[in-house]
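Student: I would like to learn how to read a protein model. Where do we start?

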Amino acid sequence: MEIESAGGPVLLREPAEGTPPVVTDRAALLEACERLAAGTGAVAVDTERASGYRYWPKAYLVQLRREGSGTVLIDPTELDDLTPLKSVLNALEWVLHAASQDLPCLAELDLHPAALFDTELAGRLAGYERVALGTLVELLLGYTLEKGHSAADWSKRPLPVDWLNYAALDVELLIQLREKLEAELGAQGKLEWAQQEFDAVRTAPPPAPRAEPWRRTSGVHKIRNPRGLAVVRELWQARDELARKRDRAPSRILPDSAIINAVTADPKTVEELQALPVFSGRVQRKYTASWLRHLQAAKALPASELPSPSQPTDGPPPVNRWADKDPDAAARLSAARAALSAIAEDRRLPVENLLLPDLVRRTCWRPPAQLDEDTVADVLRAGGARPWQVELTASALSKALHAAAAT
């Protein structure tokens, strides 16, 4: 282990046992699985993706570490059959940091934890204001992890040695960190809460596709009219299709800012479009005619096919409009937030982990006909609140809604 220290936290530059070679063939995979199976306890798990470079959020490297097994680095893109790994991992408890970021790409490999411990979520429930992996490792274990490659293109091959060191360090201390956080949660009486949260993360279904994902284009709020929004939608969809085909991040095909510029500038010819930033670039010039065709197609749409100026939603309106639309609902939300903030402060945890803000807003916007504690508890359970959350909040939320109704 390469270590630096100047009286403060110890800087780790590489794993204690060195960085192992990446598993890229079946023989190496079988040997690694034998070692993992012979280990004890939970397994630390992490992945590296190529967000910002590739369209698909697949795992390009899987990092594993288990007591008695050492660290294993696996390149899933080089292996056709991960059945041996599945046989070992799917029977174990996994320790991850920010598990919801890694579980989807691991599920694509048919890898699923039997149980889960999320060190980031544990840190939040334990009351830490900053819960990045490096921060918690430094606070609780006295080490600083060498960082710098989280935003790298992990689809690159071969992977540089310093990248592999970084990746291996991400699982080097996860088990020890879990032990510290588990002890702290137990001391605070929050371990059962954490276990309910971990299980909710582990069993959560994939999020439903967004109805109109193009509305998340950065800067779309500048476009006020339906015709302009139709152009944004058309260019976004054309970009998305090209990004899928080329497996490139959409922003690398065409930045959001270029889409918005094209809408506001309203070019009529290829030359006018190429005069705009980004479209004037050497690579973009060969696509300019295609972008212009899509722009013109959107402008030719009949009025009946234009998008609505506002995004359809089944939820309440933005909170800043509540006072005008429904002052009673605004009063309910204010009272509910005050009650929940007091509980969160008393229990030393973030209010958003006490109860999902969206669930609070929905409950206050359309409250149940009866505001007694049992009815409110039923509403919270139906909205996905865990038992510990219902137990802590149902009574206070019921009282807050009653108080708001009485004013």
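Tutor: We take the whole chain, then a few residues in turn.

Student: What should I know about the model before reading it?

Tutor: This is a predicted model, in which local features need pLDDT of at least 70 and side-chain atom pairs count only at pLDDT 80 or more, while totals for chains, interfaces and linings use all residues. Residues are numbered from 1 along each chain as its sequence is written, and side-chain values use heavy atoms, leaving out hydrogens and water.

Student: What pLDDT does the chain average, and where does pLDDT stay under 50?

Tutor: pLDDT is the predictor's confidence in each residue, from 0 to 100. The chain averages 95, and 98% of the residues score at least 70. Over residues 1-6 pLDDT stays under 50. Where pLDDT is low, the predicted coordinates should not be read in detail. The model has 17 contacts beyond four places in sequence for residues 1-6, a contact being heavy atoms within 4.5 Å.

Student: How many helices and strands are there?

Tutor: Helices (H or I, at least four residues) and strands (E, at least two) are DSSP runs, numbered from the N terminus. The chain has 20 helices and 9 strands. Its C-alpha atoms fill a box of roughly 65 × 65 × 45 Å along the principal axes.

Student: What share of the residues count as buried?

Tutor: Buried means under 20% relative accessible area, exposed means over 50%, and partly exposed is in between, with a 1.4 Å probe and protein chains only. Of the 407 residues, 45% count as buried. Accessible areas come from the Shrake-Rupley method with a 1.4 Å probe, and for residues only the protein chains shown count as cover. The chain exposes about 20,400 Å², and carbon and sulfur atoms supply 50% of that area.

Student: What share of the contacts join residues at least 24 apart?

Tutor: Take the contacts between residues at least 6 apart in sequence: 65% of these join residues at least 24 apart.

Student: Where is tryptophan 322, and is this residue buried or exposed?

Tutor: Tryptophan 322 is in helix α15, residues 322-325. With a relative accessible area of 1%, tryptophan 322 is buried. Beyond its neighbours within four places in sequence, its contacts include Pro316, Pro317, Leu333, Arg361 and Trp365. A polar contact is a pair of N or O atoms within 3.5 Å; within protein, one must be able to donate a hydrogen and the other to accept it, and residues adjacent in sequence count only if both atoms are side-chain atoms. The side chain of tryptophan 322 reaches the backbone oxygen of proline 317 at 2.8 Å. Tryptophan 322 and serine 304 are 18 residues apart along the chain, and their C-alpha atoms are separated by 30 Å.

Student: Which residues does aspartate 247 touch?

Tutor: Not counting residues up to four places away in sequence, aspartate 247 touches Tyr53, Arg54, Tyr55, Trp56 and Tyr60. Aspartate 247 is found in the loop between α9 (226-246) and α10 (250-253). A relative accessible area of 16% makes aspartate 247 buried. Its side chain reaches the backbone nitrogen of tryptophan 56 at 3.2 Å.

Student: Where does serine 398 lie, and which residues are in contact with serine 398?

Tutor: Serine 398 belongs to helix α20, residues 387-406, and is buried at a relative accessible area of 6%. Serine 398 and leucine 185 are 213 residues apart in sequence and 28 Å apart in space, C-alpha to C-alpha.

Student: What is phi for alanine 98 and for valine 278?

Tutor: Alanine 98 has a positive phi of about 60° although it is not a glycine. Alanine 98 lies in the loop between β7 (93-96) and α3 (99-108), and is buried with a relative accessible area of 6%. Valine 278, also other than glycine, has a positive phi near 75°. Valine 278 lies in the loop between α12 (270-274) and α13 (282-285), and is partly exposed at 32%.

Student: Which peptide bond is cis?

Tutor: The bond from arginine 157 to proline 158 is cis, with omega near -5°. Proline 158 lies in the loop between β9 (143-145) and α6.
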